[in-house]
Amino acid sequence: MNVRLAVNGTLMRGLALNGNLLAVGATFEREATTMPSYCLWSIDDRHPAMVRASSGGAAIAVEVWTVPAAGLATILLGEPPGLCVGKVRLADGEETLGVLGEPVLCEGQREITQYGGWRAYVAARGRS
């Protein structure tokens, strides 16, 4: 059995933890965006945390991967502390599992929602 997983940070193609997806046999399905109801935070500029918001959210760029269900726990255990798996609603209406951040993880961190995604934030940070 396979599950779809929306990722929004270092699990994305070419980034630091993408090998964790590949190691369990996950396959890239597509790029997508969330419904405009999520906020994104930079956690010490090492990785993002996406949190669903009742207001002030935006559409966040994600990648959707097909993951063997047995590998989902392995992926989650390899994520930084404070990240978890929950349901994420995509702009096309699909609801899928996705990597989210615990709200407490975001306290005192920089909100980067206005960039629309981790890659855009990292690119802008590189130009500053």
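In which sense do E3 and E8 pair, and over how many bridges? They pair in the antiparallel sense, over 2 bridges. Two strands count as paired if DSSP finds at least two bridges between them.

The model is predicted: local features need pLDDT of at least 70, side-chain atom pairs count only at pLDDT 80 or more, and totals for chains, interfaces and linings use all residues. Residues are numbered from 1 along each chain as its sequence is written, and side-chain values use heavy atoms, with hydrogens and water left out.

1. **The open sheet.** E4, E3 and E8 form an open sheet of 3 strands, in the order E4-E3-E8, with antiparallel pairing. E4 and strand E8 (110-111) are the edges; each has a single partner strand, so one side of each lacks a neighbour in the sheet. Within E8, Arg110 is the bridge partner of Ser42. Strands (E, at least two residues) and helices (H or I, at least four) are DSSP runs, numbered from the N terminus.

2. **Strand E7.** This strand spans residues 95-101 and is mostly covered, with 5 of its 7 residues buried. Buried means under 20% relative accessible area, exposed over 50%, and partly exposed in between (1.4 Å probe, protein chains only). E7 pairs with E1 in the parallel sense over 2 bridges. Leu5 stands opposite Leu97 of E7.

3. **The E6-E7 hairpin.** Strand E6 (residues 83-89) pairs with E7 in the antiparallel sense, over 7 bridges. Cys84 has Leu100 in E7 as its bridge partner. The hairpin has 5 residues between the strands, and Gly93 takes a positive phi near 95°.

4. **Val3.** This residue sits in strand E1. Val3 counts as buried because its relative accessibility is 15%. Leaving aside neighbours within four places in sequence, Val3 is in contact with Trp65, Thr66, Val67, Ala69, Leu72 and Leu97. Contact means heavy atoms within 4.5 Å. Val3 and Cys106 are 103 residues apart in sequence and 27 Å apart in space, C-alpha to C-alpha.

5. **Nonpolar cores.** The largest nonpolar core has 22 residues; Leu5, Val7, Leu21, Val67 and Ile75 touch the most other members. Elements giving two or more residues to this core include strand E1 (2-7), strand E5 (61-68) and helix H2 (72-77). A second, separate core has 14 residues, among them Tyr38, Leu100, Trp118 and Tyr121. A nonpolar core is a set of buried Ala, Val, Leu, Ile, Met, Phe, Trp, Tyr and Cys residues joined through side-chain atoms within 4.5 Å.

6. Not counting residues up to four places away in sequence, Val7 touches Met12, Leu21, Val62, Glu63, Trp65 and Val99.

7. **Ser37.** This residue lies in the loop between strand E2 (27-33) and E3. Ser37 is buried, at a relative accessible area of 19%. Not counting residues up to four places away in sequence, Ser37 touches Val51, Arg52, Ala53, Gly57 and Ala58.
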